[in-house]
Amino acid sequence: MNNIFPKTSVRRNSHGQGLFLDEFVRKGQPVLRQRGQLVHGLDDFTGDIDDLTQIGKNLWISSSYEEDDFLNHSCDPNVYQVMDETGATDYALRDIAPGEEITFDYSLAMTPESIVMFPKLRFFCKCKSKICRGIVGDVTEIPKERREYYQSLGIVPDYIQKYIK
C-alpha cells in the first residue's frame, strides 16, 4: 500500500467486521484508496451488486478483495470520498484516533436511479450512531440538515449535486 495512507487493520465489530485505524489521522488527511476494478455502466455486469460502490453517475468500483472492502457505513461517518475516473480516495472528516473504525455514509454516493435499478442497495442501518436514520438508501434519504452539512463541507460528489436541495 502507498505510504501516504495510514496503517489499517480488519477487526471484528458489533455487526461483523470493519476497517480500523492503527495510527492517528488528522482531519483532511488521506485515509484509504479504494482499489477495485472500474465498472462503466451495469448493463453487462454479471457479478454481485453488493460488491460495487457507486463513484459516478454511471461509474462503479468493484470489490478489491483487500481490506478496503471492509469500509462500513455510518450515518455519522469519519471519512468522505473524493471520486475520480480511476476510483475513490477517502479523507478524514475529523481527527481520528487509533482503534476507531473507518466509516463512510454510503447514501452520499447513491442516486435514486441506482436504488430503483437495484433495490437491495437500500437496507436497514446498523451503525448505532446518535444520528442514525435507520435506512441506508440514496442521497435523498439523508435528512435535509445532514445534506446541507455535507454540502457546506464541499464533500458532495458532482454527480450527486442535483439531488441536494
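Predicted model: local features only at pLDDT ≥ 70, side-chain atom pairs only at ≥ 80, totals over all residues.

Reader: Fine. How many helices and strands in the protein chain?

Author: The protein chain has 2 helices and 12 strands. Along the sequence the pattern reads β-β-β-β-β-β-β-β-β-β-α-β-β-α.

Reader: And what's the radius of gyration of the protein chain?

Author: 15 Å, close to the 15 Å that the globule rule gives for 165 residues, so the chain is as compact as a globular protein of that length. Its C-alpha atoms fill a box of roughly 40 × 35 × 30 Å along the principal axes.

Reader: OK, core time. Which residues of the largest nonpolar core touch the most other members?

Author: V31, V79, I102, L108 and V139, out of 29 residues in that core. Strands supplying at least two residues each include β3 (30–34) and β8 (79–84), and β8 gives the most, with 3 residues.

Reader: What is V139 in contact with, leaving aside neighbours within four places in sequence?

Author: S107, L108, M110, R147, I160, Y163 and I164. There's also a second, separate core of 12 residues, with V39, C75, I115 and V136 among them.

Reader: Switching to charges: how far apart are the mean positions of the positive and negative ones?

Author: They sit 6 Å apart, for 20 positive and 25 negative charges. As for surface, the chain exposes about 8,800 Å², and carbon and sulfur atoms supply 51% of that.

Note on methods: Residues numbered from 1 in each chain as written. Heavy atoms only, no water. Helix = DSSP H or I, 4+ residues; strand = E, 2+ residues; numbered from the N terminus. Rg over C-alpha atoms; globule rule 2.2 N^0.38 Å. Areas by Shrake-Rupley, 256 points an atom, 1.4 Å probe, with all protein chains shown as cover. Lys, Arg positive; Asp, Glu negative; His and termini not counted. Charge placed at Lys NZ, Arg CZ, Asp CG, Glu CD. Core = buried A, V, L, I, M, F, W, Y, C linked by side-chain atoms within 4.5 Å. Buried < 20%, exposed > 50% of the residue type's maximum accessible area, 1.4 Å probe, protein only. Contact = heavy atoms within 4.5 Å.
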